[in-house]
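I opened my notebook for another look at a chain on the screen. Here is what I looked up, in the order I went.

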Amino acid sequence: MFRVKWGYLLEGDRERVPLLHGNYSTCNNCLTKRYAYPVAIQGTRYSRRTGRKDTFNRMSTQATHSAHITVDDENLYLWGYKTNRIKMALTWIVTVLTLGTFRLLLYWYPKWWVKCTASECSLSTADCLLIRDAHMDVAFRPVLCMISDSVMQMGFPITGFQMTDVSTLRYFTFKKLIHLWYADEDRFISIDSLDVDIDFHQFHIMGEKGLSSVDVAKRLAVYGKNLIDINLKPLHVLLFREVVSPFYIFQLFSVAIWFSDHYEIYASVIVAMSLFSIAMDLYQTRKQERKLRSMVHSSAFVQVLRNGENPIKISSEELVPGDVILIPPNGCNMQCDAVLINGTVIVNESMLTGESVPVTKAALPDTDDESSIFSLDKHSRHTLFCGTQVLQTRYYAGKSVKAVVLRTAYTTLKGQLVRSIMYPKPVDLCFTRDLFKFIGFLGCIAFCGFSYTIVTMILRGASVREVIVRALDIVTVVVPPALPAAMSVGILASHMRLIRKDIYCISPSTINTCGAINVVCFDKTGTLTEDGLDFHSVCPVIHSNDKEPIFRHEFPSLNVKEMWNYRKLVEAVSTCHSLTCINGLLCGDPLDLILFKNTTWTLDETMNSRIEETARFDILAPPVVRSVLGACGCDREIELAILRQFTFSSSLQRMSVIVHDPEDESHDMTLYCKGAPEMISSLCKPSTVPVNYSNVVNDYAQHGYRLIAVAYKKLHISFPKSQRVNREQVENDLTLLGLVTMENRLKTHTVSVIRQLNKAHIRTVMVTGDNILTALSVARECGIIQPVKKAYIVECGNRDSPNSRIPLLLKQVRNLTAASSSEDLLDDSSSVYDMESRSFIDPTYQLSVSGPTFEVISREYPELLLKFVTVCDVFARMSPEQKQMLVNKLQEVEYTVAMCGDGANDCAALKAAHAGISLSEAEASIAAPFTSRVPDIRCVPMIIREGRAALVTSFGIFKYMASCSLTQFISVILLYWLATNLTDFQFLFIDLFLVTTVAACFGYTPPCQKLAVSPPPTKLLSFASLLSVVGQLLIVFIFQLSIFIYTAAQPWFVPYSIPIGISLEDKRSMQGTAVFCLSSFQYLTLAVIYSRGPPYRKTIFSNTPICACLVILISICVWLTINPPYFVAKHMQYDPLPESGYRIFILVVALNYILCAYLYETGVIEYLVLTVREKWRKKHSVKTDADMLNKNEKILLSISSSPSWIPSATEGSSDHFGLYSFSNSSHIIKYYSPECF
């Protein structure tokens, strides 16, 4: 067998990789040795096509220490290291001497671990790698090595499903992907970039015999098992990772100090709380792992063709790229990505796309010309994707449908989606960074207290042990012990509320991010509008020999008597579709179904009904469409045979069929074609297109109708030629038959939701694959395009010269009607001139672009792309890749982006957005963090409101916990002056009841029903937050110091004296009692102050748990202050205050404190700082373009007045720009030209 070697493995590594595949099942007798210098990969240098997927930047041929690679659009940086035994030994010696502290620091900082245990070397000799991704996360990965021996020869995959023998294979794994060392080019190459650039003919060669047993063994060793398996991490590993976090390490340190200082009860409670918190975290983690595992784990038995022999049945886990699998006639679940090489397959891809419409996959043509190179993007209609459900296959009776395995396991499309869930992009980075900075700020305060305690205790003559314990104890007081659990309260509460509203979230940490959303991108069809289309009308074209073609008036249905005069149009609609029968039911694209059913014609896929559906492939009797007597004005039965079908292509924007009418005496054939109006008109003879064609199309589109143009062409070809001809040869010189209009109505709640977002000044953007004028009409109808702003369409002109850029043209959209009135879409609170509630920056116009124009801008005007995405609100004819690019560009200009789609073609954008929202009936979706079972966009404001509530709650809890710790810090500092402290039960009452219990109730305040005009602050270290905490701390200190001094001035006061000669320290003091009673009210006051209500959450009175808790605790505190019973005073270790009037005075002082704290927070912080100061700063910043503006605000500031910033093709600058303007009857066009400049 082959041998596996590896270097040292970091204990805290995210994934253990003992073998190439991440488990021990690949090789039963592997020998493990210390890593040695690898033998160079031997073999003949092989060439790769220039079109190969370029996943890595080409490195120099000389050995390098570092490299930059790109995998799945993610940038990775690699540094090579070799384990140094001397450094390793010294590291462990220091670890032992520091009782593990040094090793713990190295665990938190993997880069330090590598520096302390390894030496820099070239990547070609490295036995470990330091890897940094685009999010600045650092990981340490071992480089493993497999060596050939007499039993097993290793192979390196090359193009065309070939393997070249090598003596050694070096590799590492990162985020479930294997990366092989390619010695010929001195670089690591991702395994998903192997077996690419394969020509069509090679697939068919593989389909004849399949792989040999030797190749299967080699490939299984390299690619590993075909299994998307979510390994459940052992509980002790999860426990270790949880416990060694900085918060819990600090808690462990705190508990040790408390036990040493005889704070057993409080320390025990904290230990119990920590154990409970850890247990809950482990439970949630394991629950999510099991849920994800059950959702993605899949395995089955499949039939494969190997060694040219009869098919054998194996487990799908043993499949490798290059295997030939047989697809069962009655369907199955695909366990890999495979290329179909014969027959046709009907699949349901809803698992990946969310679209449950059956899709027909065609076999890959068998050609061997140079241009026939397989590309997954271009030839997806020949590809069966892992996770999709095969409904039915069709091929010759008794013959099997074959497919060649292309990708397995985590390299499949499903595997990529699972990887995106397992390794999501970090969220709340700014919040987390500020969180640690704030803790650093608390640490500075703790250091001051630490120094103060040492000096005070030494002056008081305390023992060395007492000085150390007290000094360390003051550090533990500053950082809240329950902070880790408390910080998740708001997120968990919002998560539960979303579930009750049928909104499910697989990434709860994303909820906080939703609080900062200021742009929402919407898909149109199925998201803003209804899923299905309704037939609206048909508008045929009248052709006469001596007159220009003109449009006939529209008919409300195809099934009217007058349509018999336009028989060709009816025949086109009846035959030009991709419908098929599955289990006796007509299935296919919903649009085709609606049109076909409107004709009332029938479809018979075979003349012989005894032939099973699965055998209806390439039969002599083709599918036949029959008319119904009387339908569409037919006076006799018509039979049309569909001989050839050119399937719909989104890039071509059309589909066609070749049809034969047996009653046609000429025996000619007819091509019927339907598609986008602009595409069909470009394929038609100009003489057959009415002169007002564009006006009619625009008129329908402006009213929001979806248009389909229909055309035909007589073909004088034979049957054999009709089966071989390319579509480009026949899809030209067509004759236009007419237009079919479909109505796509807005969903009931679309307008109201868009209105809510507009009022909240959350930008709404439409991203659709539909016609731009249709998209504009829907955008105006729902309120995305605002009536008070000018609307422009950006289009491309004709290139003036080969070396010039394509000019950009502007068309101003006028007379664009909408179903909703302007009054419905406008509101005083959302006026673009509302200078106080907004940032004073609002463009006076809105742009719209189509996908082809967006591509031109991206390619030829990259300097303008960020400006376009800042002011363009309608993107039409956008491909899935362009949708994802748009989301990325919006994020680049510092927008927080949400993407809402129905799943179809939106997966990439849903994953790229800060918050992807999928409208699906499934409880969970692997395409987006949020899934709503309610299929409309009402979920969007719900998620934003919950995100804002969770964000405000997280901020409030942190400030509350920090302020409580500082309040307790002040109390302890004052009592340290007397060489005493709060008693054990006083600490317990404060931390367990006054702080932790109240914090646990924070998140139950529901969000406001109305979205606020501006989002909540997202920076924890903002001026307002720091001023609030510092100001409240100062007020607390003044009141505590006052009561501390005033108590000592009373005539009945008995000073505290340090006990001598007793084993247990007596901490009772009158000043301690007074400070404790006052501080109890201070903790509860801070809870009310930081439990912020409107505008992001409802008032505190809507939170029943916290109100009940506060009432009970306030009553207890009043009781303890005025008249504590003896047994309570004894357990609380009170030094009783003898005068009842003074105890009432403490209560009055507490009321004065409450008033001062409330006035400071509302008057100074919320009004002066957050309102007056922010308005002034914003106004000042807009006038001076100060640095405080974010990137999109700076762009808006420079271009908001007019679109004159859009340049022409000629170099130079000008204040003029071309203008398209049109009404319903005419077009006025001005092009950019050199004369304009």
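How do the axes of helix H31 and helix H33 cross, and within what distance do they come? I kept in mind that this is a predicted model.

**Entry: H31 and H33.** I took helix H31 as residues 984-1000 and helix H33 as residues 1070-1090. Their axes come within 10 Å and cross at roughly 15°. Angles under 35 degrees count as roughly parallel, so H31 is roughly parallel to H33. I then looked up which residues make the contact. On the H31 side I listed Gln986, Phe989, Ile990, Leu994, Val995 and Val998. H33 brings Phe1076, Ser1080, Tyr1083, Leu1084 and Ala1087 to the contact. I also noted the handedness: H31 passes H33 in a right-handed crossing.

**Entry: H2.** Next I turned to helix H2, residues 101-108, and asked which of its residues are buried. I found Arg103, Leu104 and Leu106. Looking down the axis of H2, I saw these buried residues fall within an arc of 160°, so they line one face of the helix. What covers them includes helix H1 (85-97), helix H3 (110-117) and helix H7 (246-260).

**Entry: the whole chain.** I finished with the totals. The chain has 37 helices and 45 strands. Of its 1237 residues, 55% are buried. Among contacts with a separation of 6 or more, 73% are between residues 24 or more positions apart.

Technical notes:
Residues are numbered from 1 along each chain as its sequence is written. This is a predicted model: local features need pLDDT of at least 70, side-chain atom pairs count only at pLDDT 80 or more; totals for chains, interfaces and linings use all residues. Side-chain values use heavy atoms; hydrogens and water are left out. Buried means under 20% relative accessible area, exposed over 50%, partly exposed in between (1.4 Å probe, protein chains only). Helices (H or I, at least four residues) and strands (E, at least two) are DSSP runs, numbered from the N terminus. The arc is that of the directions from the helix axis to the C-beta atoms. Contact means heavy atoms within 4.5 Å. Axes are lines fitted to C-alpha atoms, for helices over the stretch in contact, and angles run from 0 to 180 degrees between N-to-C directions. Angles under 35 degrees count as roughly parallel, over 145 as roughly antiparallel, 65 to 115 as roughly perpendicular and the rest as oblique. A crossing is left-handed if the near helix is turned anticlockwise from the far one by less than a right angle, and right-handed if clockwise.
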